[in-house]
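Trainee: Hi! Could you walk me through this one while I have it open?
Mentor: Happy to, let's take a look together.

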Amino acid sequence: MTPPFNSNANYAAPIGSEAAGAEFKDTWTLSDLDTEWINLIASKHPALYRVLLAAITDNDKSYLVYMAVRLMEMHRVLKSTGTIYLHCDPTMSHYLKLVMDAVFGRDNFVNEVIWHYKSFHGQTRRYFAKKHDTFLMYSKSDTWTFNRLYEDDNTQTVDFKRWRKYLVDGRYILGRNMPVQDSRFVRYLKAWRKKYGREPGNDDVVYEVKGQSLDTVWDLKPVDPKDKKEKVGYPTQKPLALYQRIIAASSNKGDIVFDPFCGCATTLVAADRLDRQWAGIDVSSTAATLILRRLRHDRGPLYDDVIHLTDIPQRNDLGKLPPANSPANKKLLYGEQAGNCEGCGQHFQVQNLEVDHIIAKSKGGTDHIENLQLLCGSCNRIKGNRGMEYLQVKLQLT
Ligand SMILES: C[S@@+](CC[C@H](N)C(=O)[O-])C[C@H]1O[C@@H](n2cnc3c(N)ncnc32)[C@H](O)[C@@H]1O
Ligand SMILES: [Zn+2]
């Protein structure tokens, strides 16, 4: 997933391009809703809350809350065999790594992949030209899927130099011409025999000389502005080759790939080319139109079947939730809060505490226990439908 990077810029596709009309904002100011989310995180996810406190400016804090809320959902929907790749750049990668540690767990950090994109740059006089982004890669458990990938170019490997004259197409050793006097090769030959239970025939590929296995620094070109085939004109469009690599490494055919910031559908096209199932979300309606057009173009008429939903996604994994003020919820919350009102902090008997929605239902807050807290009658009356910020200010004044 490639979310906004907190670049302090707004993006719009050029008028006249295929993507014209697509735009998104990447400027941040702390809103009342951010503050309400911060309050929810403070009471329900203390480790994540401490990370948010590391933000130096309110704008950074607003960006981090926005990301934290979405990353918590990404953690929820990720399968135990899945991996998340969070694409960011040096503006926020150091903060986002802390957020990821808090949400996914430090032990689930797998790799930091650097995408180095060599492209033309003018003379930067006071610093090095900035030419890399970062992918923070996390799993959800220790059973994540991983397929080793190799560089296309194999000419720098020991095997290539050693067996050059035996190779067909610079890559394959066939049964008809094998370096059988070489003990290193004989090991591969034995493995082949064991796998197939026979001697190789003339045309059997006994060994393939692959390139180096990939490490954590990837040199891949950005989308070439002159490449009419790949470029769709969407601002921030990423290269297919980059996402294909990620998908090939971390999933198998038939698996599900999800990109919650899918832009002009690069992830979806890459996933489809590799026979994965896929789903994407983008807030921009122009992006949706463009996605359908691009998929149809890239993947053929099959894409008349793509389902495009425009209503706000609802969780369907909760079953029927008990009413917010059910005795079970009250009991759980009473334990969590050690019997104290979440506003004034005073201790009360359970019958004197009331269930409150941290994020008001009118603002999209749910009846899920994660969005509930106990307040004493007096605090609840003061707060009403407003955020905790309001209550705290009021309590300080009295
Ligand atoms: C950096 S771009 C992604 C580009 C994409 N990887 C591609 O190659 O086209 C970020 C995308 O996130 C979308 N976006 C911004 N805020 C969003 C939100 N709250 N929910 C969903 N999408 C959002 C923007 O419309 C934009 O398309
Ligand atoms: Zn109170």
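Trainee: Where does alanine 338 lie?
Mentor: Alanine 338 is in the loop between helix H10 (327-336) and S11. Keep in mind that this is a predicted model.

Trainee: What is phi like at alanine 338?
Mentor: Phi there is positive, near 50°, in a residue other than glycine.

Trainee: And is alanine 338 buried or exposed?
Mentor: Alanine 338 counts as exposed because it has 7 C-beta neighbours inside 10 Å, and the cut-off for exposed is 12 or fewer.

Trainee: What about aspartate 169, which phi does that have?
Mentor: A positive one of about 55°, although aspartate 169 is not a glycine. You'll find aspartate 169 in the loop between helix H5 (158-163) and strand S6 (172-174). Aspartate 169 counts as exposed, because there are 6 C-beta neighbours inside 10 Å.

Trainee: Let's switch to helices. How many residues of H6 are buried?
Mentor: The number is zero out of 14, so H6 lies largely in the open. Helix H6 covers residues 183-196 and reaches 20 Å from its first C-alpha to its last, close to the 20 Å expected at 1.5 Å a residue.

Trainee: What follows H6?
Mentor: Glycine 197, with a positive phi near 65°.

Trainee: Now H3. Which residues of H3 are buried?
Mentor: They are Lys61, Ser62, Tyr63, Leu64, Val65, Met67, Ala68, Leu71 and Met74. Helix H3 (residues 58-77) has 20 residues and reaches 29 Å end to end by C-alpha, close to the 28 Å expected at 1.5 Å a residue.

Trainee: And what covers the buried residues of H3?
Mentor: The cover includes helix H1 (32-44), helix H2 (46-52), strand S3 (83-88) and helix H4 (93-104).

Trainee: Which residues in the largest nonpolar core touch the most other members?
Mentor: Ala68, Leu96, Val99, Met100 and Ile291, out of 66 residues in that core. The core draws at least three residues from each of domain 1 (9-146 + 214-305) and domain 3 (327-397).

Trainee: What is leucine 96 in contact with?
Mentor: Setting aside neighbours within four places in sequence, leucine 96 contacts Met67, Leu86, Cys88 and Leu136.

Trainee: Back to domains. How is the protein chain divided?
Mentor: Into domain 1 (9-146 + 214-305), domain 2 (158-208) and domain 3 (327-397). The C-alpha centres of domain 2 and domain 3 lie 70 Å apart.

Trainee: Is isoleucine 358 buried or exposed?
Mentor: Isoleucine 358 is buried, because 22 other C-beta atoms lie within 10 Å. Isoleucine 358 is in the loop between strand S11 (353-357) and strand S12 (372-376).

Trainee: What does isoleucine 358 touch?
Mentor: Not counting residues up to four places away in sequence, isoleucine 358 touches several residues, among them Glu36, Asn39, Leu40, Ser43 and Met388. Glycine 387 is 29 residues away from isoleucine 358 in sequence, and their C-alpha atoms are 7.1 Å apart.

Trainee: Last topic, the ligand. Which residues come nearest to ligand 1?
Mentor: Of the 18 residues around ligand 1, those are Phe24, Lys238, Phe261, Gly263 and Thr266. By class, the shell has 10 nonpolar, six polar and two charged residues.

Definitions and conventions
Residues are numbered from 1 along each chain as its sequence is written. Chains are lettered from A and ligands numbered from 1 in the order in which they are written. This is a predicted model: local features need pLDDT of at least 70, side-chain atom pairs count only at pLDDT 80 or more; totals for chains, interfaces and linings use all residues. A nonpolar core is a set of buried Ala, Val, Leu, Ile, Met, Phe, Trp, Tyr and Cys residues joined through C-beta atoms within 7 Å. A residue is buried if 20 or more other C-beta atoms lie within 10 Å of its own, exposed if 12 or fewer, and partly exposed in between; C-beta atoms are placed from the backbone. Domain bounds come from an automatic or database domain assignment. Two residues are in contact if their C-beta atoms, placed from the backbone, lie within 7 Å. A residue is near a molecule or strand if its C-beta atom, placed from the backbone, lies within 6 Å of it. Ala, Val, Leu, Ile, Met, Phe, Trp, Tyr, Cys and Pro count as nonpolar, Asp, Glu, Lys and Arg as charged, and the others, Gly among them, as polar. Helices (H or I, at least four residues) and strands (E, at least two) are DSSP runs, numbered from the N terminus. The expected span of a helix is 1.5 Å times one less than its number of residues.
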